[in-house]
Amino acid sequence: MKKTKQLRNRCWIDIDGKKFFGPGRVQLLALIEKNGSIAKAAKEMGMSYKKAWAMIDDLNERGQQPYVTLHKGGTTGGGAELTVNGKKVLTAFETLIHHVEATIEEHQAELLKLI
C-alpha cells in the first residue's frame, strides 16, 4: 500500500513571543482589500466581527504603522481599507510565502523518498 507523504509548512511572525502576523491575518487583510469592509471580510471567513475587529486592532496597535483605516458610517456607509503600509506588508508576506512554497516544492521529493 502506497502512503501519501507531504511536507507541510506554516509561517507567521511573532513579536515578543506572541503571534502577530500569519495566514489568518493575511486572509483577513486580503478580504478587507477586496470588500472594503471588516464585517464583509469576517463573514466571508466565517469569523465573528468581534474577532476580526480584535485582529485588526492588534495589527494597528502592535505594528510599526497602522494596517487598516476605518471610515465612519453615515449616508454613504462606513468601511475599511488597507493603508499603504498594510498593502506593503500583505504583498511582502505573500511574496515570501510564494518563495518558501516554491523552495519546498523544489526540494521535498528528495527528503520524502527517505521517509
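The accessible surface of this chain comes to about 8,400 Å², and 53% of that belongs to carbon and sulfur atoms (areas come from the Shrake-Rupley method with a 1.4 Å probe, and for residues only the protein chains shown count as cover). Keep in mind that this is a predicted model, so local features need pLDDT of at least 70 and side-chain atom pairs count only at pLDDT 80 or more, while totals for chains, interfaces and linings use all residues. Residues are numbered from 1 along each chain as its sequence is written, and side-chain values use heavy atoms, with hydrogens and water left out.

**Overall layout**

- The chain has 4 helices and 4 strands (DSSP runs numbered from the N terminus: helices are H or I with at least four residues, strands are E with at least two).
- Along the principal axes, the C-alpha atoms fill a box of roughly 60 × 30 × 20 Å.
- Take contacts between residues at least 6 apart in sequence: 45% of them join residues at least 24 apart (contact means heavy atoms within 4.5 Å).

**The inside**

- Of the 115 residues, 28% count as buried (under 20% relative accessible area; exposed is over 50%, and partly exposed is in between, with a 1.4 Å probe and protein chains only).
- In soluble globular proteins, nonpolar side chains tend to be buried together.
- Here the largest nonpolar core has 22 residues, and Phe21, Leu29, Ile32, Ile56 and Val68 touch the most other members (a core is a set of buried Ala, Val, Leu, Ile, Met, Phe, Trp, Tyr and Cys residues joined through side-chain atoms within 4.5 Å).
- The largest share of this core, 5 residues, comes from α1.
- Leaving out residues up to four places away in sequence, Phe21 touches Trp12, Ile13, Val26, Leu29, Leu59, Tyr67, Val89 and Phe93.

**Charged pairs**

- The count comes to 4 salt bridges (a side-chain nitrogen of Lys or Arg within 4 Å of a carboxyl oxygen of Asp or Glu).
- Arg25 pairs up with Asp58, with the closest N and O atoms 2.7 Å apart.
- Arg25 sits in helix α1 and Asp58 in helix α3, so this pair ties together parts that are 33 residues apart in sequence.
- Asp58 also forms a salt bridge with Arg62, at 2.8 Å between the closest N and O atoms, and Arg25, Asp58 and Arg62 are linked in a network.
- Both Arg25 and Asp58 are buried, whereas Arg62 is partly exposed at 26% relative accessibility.
- Glu33 and Lys87 meet in a salt bridge too (3.9 Å, N to O).
- Glu33 lies in α1 and Lys87 in α4, so they tie together parts that are 54 residues apart in sequence.

**On the outside**

- Leu7, Leu111, Leu114 and Ile115 make a nonpolar surface patch of about 410 Å² (patch residues have over 30% relative accessible area and no salt bridge; like charges are joined within 9 Å, and nonpolar side chains, meaning Val, Leu, Ile, Met, Phe, Trp and Tyr, within 5 Å).
- Ile115 is in the segment after α4 (84-113) and counts as exposed at 61% relative accessibility.
- Gly77 is in the loop between β3 (68-71) and β4 (79-82) and is partly exposed, at 31%.
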